[in-house]
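Welcome, and thanks for taking a look. Please open the chain in your viewer and follow along with this short report.

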Amino acid sequence: ILSVGSLPVRYLWGDQPLVEKQNLLFVNDPYNPGLSSNLQRIQEFVNSRKDKTNVLIVGANASALEILYKLNDNKGIKKHLGQFAFLSTLGLLPDSIVDMERQKDFIPQNLQALQNEDCLTAKDIADATYKDLDLADEISLGAASTVEIISQAFGRLLGKLDTKELKTFACLYGNDIGRRQRCAGYHYSKTIESLKEQGAFEHIAGRFEDLSFIDGEFHLSYLDTATKKVKLHDTQFHLIINCVGSTNLERSDVPILIKNVLDKNYVSMNESR
């Protein structure tokens, strides 16, 4: 057993953990060298600006929620901030409120329909899961209310998969389903709700493409999820924080130890990369 921890954070823009330009602070890795030191650097940056600083957080995972919470919990930073935005592929926020009453009536009917099937593929289970997640979306029942019900329903079906299909489910569909079932603590979601009430929060559904320098300002270019087209966002962001997570085994910045054991065929990369 070779324990190597997480792969390095994937930088979105520039080649340094923190990149500073005119009217821009781009934090590629909020935890390098540490969150506290980066919050201090952010405070220095927002203090140096005359105007309000607009914030873009790329990602909508646990790190993104923590960063948003920390920025709003620090009075020295918060007073200098203006608009906030998340940029994530699905454009979905983690859910925190369990609807106890409506939860009782929710039935994952597509997954239940597979219970009597003897031969299933990973795609069969995944497709049924997506349909049940869509049903929950249609009635505005969030992940906090459905995650246990849906997870138990597809979990009972996994024993019907052979080894190859089980591996496919784990490497491909499991991760994808997990992105739609994210949950969070109430104090994190309360921060977002408060910003929404102030008209200071937006969630952009798309992928980060680049920053374009136009008329002395940096503007966000992103691949819009709905249209599959690259768009230029209207809001001028001054503080951008990368929370997309780690790199994968196909990229060039894989640690040398892992690269060597891959090159020597001691290990192989699975479908999740």
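Buried means under 20% relative accessible area, exposed means over 50%, and partly exposed is in between, with a 1.4 Å probe and protein chains only. Please keep in mind that this is a predicted model, in which local features need pLDDT of at least 70 and side-chain atom pairs count only at pLDDT 80 or more, while totals for chains, interfaces and linings use all residues. Residues are numbered from 1 along each chain as its sequence is written, and side-chain values use heavy atoms, with hydrogens and water left out.

**The chain as a whole**

The protein chain has 10 helices and eight strands; these are DSSP runs numbered from the N terminus, helices being H or I with at least four residues and strands E with at least two. Its C-alpha trace spans about 65 × 55 × 35 Å along the principal axes. Of the 273 residues, 40% count as buried. Taking contact as heavy atoms within 4.5 Å, 69% of the contacts between residues at least 6 apart in sequence join residues at least 24 apart.

Which residues does Ile241 touch, leaving aside its neighbours within four places in sequence? Ile241 is in contact with Val27, Pro30, Ile42, Leu56, Ile57, Val58, Ile67 and Leu71.

Ser88 is a residue of strand β4 (residues 81–88). Ser88 counts as buried because its relative accessibility is 11%. Beyond its neighbours within four places in sequence, Ser88 is in contact with Gly59, Ala60, His203, Ile204, Ala205 and Gly206.

**Two helix pairs**

Two packed helices are described by the angle between their axes and the distance between the axes. The axes are lines fitted to C-alpha atoms, for helices over the stretch in contact, and the angles run from 0 to 180 degrees between N-to-C directions.

| Helix pair | Angle between axes | Distance between axes |
|---|---|---|
| α1 and α2 | about 50 degrees | 12 Å |
| α6 (residues 122–138) and α7 (residues 143–155) | about 160 degrees | 11 Å |

Angles under 35 degrees count as roughly parallel, over 145 as roughly antiparallel, 65 to 115 as roughly perpendicular and the rest as oblique. The α6 helix is therefore roughly antiparallel to α7, whereas α1 and α2 are oblique to each other. A crossing is left-handed if the near helix is turned anticlockwise from the far one by less than a right angle, and right-handed if clockwise. The crossing of α1 and α2 is right-handed, and the crossing of α6 and α7 is right-handed.

For the side chains, Ala, Val, Leu, Ile, Met, Phe, Trp, Tyr, Cys and Pro count as nonpolar, Asp, Glu, Lys and Arg as charged, and the others, Gly among them, as polar. On the α1 side, Leu35, Leu39 and Ile42 meet Glu66, Ile67, Lys70 and Leu71 of α2. This contact comprises five nonpolar, no polar and two charged residues. In the other pair, Ile125, Thr129, Asp132, Leu133 and Ala136 of α6 meet Thr146, Ile150 and Phe154 of α7. Here the residues divide into five nonpolar, two polar and one charged.

Leaving aside its neighbours within four places in sequence, Tyr173 is in contact with Ala122, Lys123, Ala126, Tyr130 and Thr168. Tyr173 and Gly34 are 139 residues apart in sequence and 33 Å apart in space, C-alpha to C-alpha.

**Backbone details**

Most residues other than glycine have a negative phi, and most peptide bonds are trans. A cis peptide bond, with omega about 0 degrees, joins Asn32 and Pro33. Pro33 sits in the loop between β2 and α1.

Lys228, in the loop between β6 (217–224) and β7 (230–232), has a positive phi near 60 degrees without being a glycine. Lys228 is exposed, with a relative accessible area of 62%. Arg273, which is not a glycine, has a positive phi of about 65 degrees. Arg273 is found in the segment after α10 (256–263) and is partly exposed, at a relative accessible area of 41%.
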